Amino acid sequence: MRERKQHLDTLAVSLLLACCLFWGFQQILIKTTVGEVPPLWQAAIRFIAATGLLLAWCAWRGVKLFERDGTLRAGLLAGALFAAEFSCIYLGLRDTAASRLTVFLYTSPFVVALLLPRIVPSEKLRPVQWVGLTIAFAAVAFAFSEGFTGSSTPQQLRGDALALLAGMLWGLTTLVIRGSKMANSSAEKTLFYQVGVTAVVAPLLSLGLGETWSLNYSTYAWASLALQTVIGAFASYLAWMWLLRHYPATQLSSFTFLAPLFALVLGVVLLDEKLTLQLVLALVAVAVGIVLVNRKKAA
């Protein structure tokens, strides 16, 4: 029986801050590498390597990945959704700014909040949570509408749409995990389904799009891929799965909004991305929505 805690402690907060900071920085890494390494080939390299690292970790820790526990169908579905999500992220970053993509990507908690009551009736939303949900989606629509202005390009609009789709797919992945036997699987097995399926799907999609495969890249590109793999697809996601098994999910999800905030700041500082008032207001409104959606019921 795993130990579950009622509140976030110092360890949880430290891990969350580290994960969110890297998740914000991760979009910068992908954005600055996608011009040299084709997007889905970049994803393929990352997740093939991450699957190898996870297999080595499980062998060292004695974690069993291939026992029959009734999770296969749900696991493959979660893996397919995860693969689709990251395909949208990598393709979207060719066309839109890292800061914009991350704001749209982190609409996923609202997909969960909207659909989870159909799976877990006790998670029915209260009026204040519906208000939060409405504010958040209005904010996303407000930010998305910027793509229709004369100063924006059709490519940015396409990238924004892919980012929004990625957020929906992330939310659906969470629902599959929470609403199936995977909820009781080890963090390693849950992650293995996701990175393993993506390691198979990403190369096929890359071939289908006619991307050029190579391993002759700059030192920066390989450093970027190494960070995306070791810290991003392996360590940070494994830490997140572990946190979900030991701490309240609603408190954890509130912290994840730090990732788009970090991405916004890093995008402006490191990539000189345009910081518009419309995007800042949308960011603040989405934050308010998350707080309301995750607000505890009064005693």
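Biologist: What should I know about the model before we start?
Modeller: It's predicted, so local features need pLDDT of at least 70 and side-chain atom pairs count only at pLDDT 80 or more, while totals for chains, interfaces and linings use all residues. Residues are numbered from 1 along each chain as its sequence is written, and side-chain values use heavy atoms, with hydrogens and water left out.

Biologist: How many salt bridges does a search of the whole structure find?
Modeller: A salt bridge here is a side-chain nitrogen of Lys or Arg within 4 Å of a carboxyl oxygen of Asp or Glu. Searching the whole structure on that basis, the number found is three.

Biologist: Which residue does aspartate 69 form a salt bridge with?
Modeller: The closest N and O atoms of this pair are 3.0 Å apart. Aspartate 69 sits in the loop between helix 2 (39–61) and helix 3 (72–92) and its partner in helix 8 (residues 187–208), so the pair ties together parts that are 120 residues apart in sequence. Helices are DSSP runs (H or I, at least four residues), numbered from the N terminus. The partner is lysine 189.

Biologist: Is lysine 189 buried or exposed?
Modeller: Buried means under 20% relative accessible area, exposed over 50%, and partly exposed in between (1.4 Å probe, protein chains only). Aspartate 69 is partly exposed at 32%. Lysine 189 has a relative accessibility of 4%, so the label is buried.

Biologist: Where is the kink in helix 9 centred?
Modeller: Helix 9 (residues 219–246) has 28 residues and reaches 38 Å from first C-alpha to last, close to the 40 Å expected; that expected span is 1.5 Å times one less than the number of residues. A bend is the angle between axes fitted to the seven residues ending at a residue and the seven starting there. The kink is about 25°, centred on glycine 232.

Biologist: How far apart in space are threonine 190 and glycine 75?
Modeller: Threonine 190 is in helix 8 and is buried, at 4% relative accessibility. In sequence, threonine 190 and glycine 75 are 115 residues apart. C-alpha to C-alpha, the distance in space is 7.2 Å.

Technical notes: Helix = DSSP H or I, 4+ residues; strand = E, 2+ residues; numbered from the N terminus.
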